[in-house]
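Student: I'd like to go through a structure with you. Can you put it up?

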Amino acid sequence: MQAQRVLQDDFDFSEALETIELELALQVQDVPGLGFDAAVDAALTSLGGQLLFSLPAAPGEDVREVAAVSMPTGDEGGRKLLLVTLEQDGETMRVEDASDGHNPVADLACSMAGVLDTFAVSTAREEEPILL
């Protein structure tokens, strides 16, 4: 029997690192005790991430809630957008990359990150933000 080799090019560990870190941080959270938003926020605080928004899932979905989060990457000023979903059991959370596009909330997450970037640039220039 011959072992199958996995080449580094087959899997980019640097791309998956933020996802794995968040999954591990979420595993130690008490979701029923804290609530979904607070559990996600606590996990993000320990990793330097940011909660962009949290929404109840659409009727008929197999999850209860969805949160969009931004995780810093090793790149200077880089970030990775992730979606955290709370399963129907109220305890199990799943993390997926927002760029995969399998979740309809992914486009909203990318838009929200763009809005926050615009406000950050405005604040850095000491301009008055545009209020809608």
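Student: Is glutamate 96 buried or exposed, and why?

Tutor: Glutamate 96 counts as buried because its relative accessibility is 17%. Buried means under 20% relative accessible area, exposed means over 50%, and partly exposed is in between (1.4 Å probe, protein chains only).

Student: Before we go on, what kind of model is this?

Tutor: This is a predicted model: local features need pLDDT of at least 70, side-chain atom pairs count only at pLDDT 80 or more, and totals for chains, interfaces and linings use all residues. Residues are numbered from 1 along each chain as its sequence is written, and side-chain values use heavy atoms, with hydrogens and water left out.

Student: OK, how many salt bridges does a search of the whole structure find?

Tutor: The search finds 3. A salt bridge here is a side-chain nitrogen of Lys or Arg within 4 Å of a carboxyl oxygen of Asp or Glu.

Student: Which residues are linked in a network?

Tutor: Salt bridges join Glu87, Arg94 and Glu96 into a network. Between glutamate 87 and arginine 94, the closest N and O atoms are 2.6 Å apart. For glutamate 96 and arginine 94, that distance is 3.9 Å.

Student: Why does arginine 94 count as partly exposed?

Tutor: Because its relative accessibility is 37%. Glutamate 87 is at 16%, so it counts as buried.

Student: What does aspartate 97 pair with?

Tutor: Lysine 80, with the closest N and O atoms 3.7 Å apart. This pair links distant parts of the chain, 17 residues apart: aspartate 97 is in strand S4 (residues 93-97) and lysine 80 in strand S3 (residues 79-87). Helices (H or I, at least four residues) and strands (E, at least two) are DSSP runs, numbered from the N terminus. Both aspartate 97 and lysine 80 are buried.

Student: New topic. How many residues has the largest nonpolar core?

Tutor: It has 17, and Leu22, Phe36 and Val69 are among those with the most contacts inside it. Such a core is a set of buried Ala, Val, Leu, Ile, Met, Phe, Trp, Tyr and Cys residues joined through side-chain atoms within 4.5 Å.

Student: Which element gives the most to this core?

Tutor: H3, with 5 residues.

Student: And is there anything apart from that core?

Tutor: Another core of 12 residues lies apart from it, including Phe53 and Ala98.
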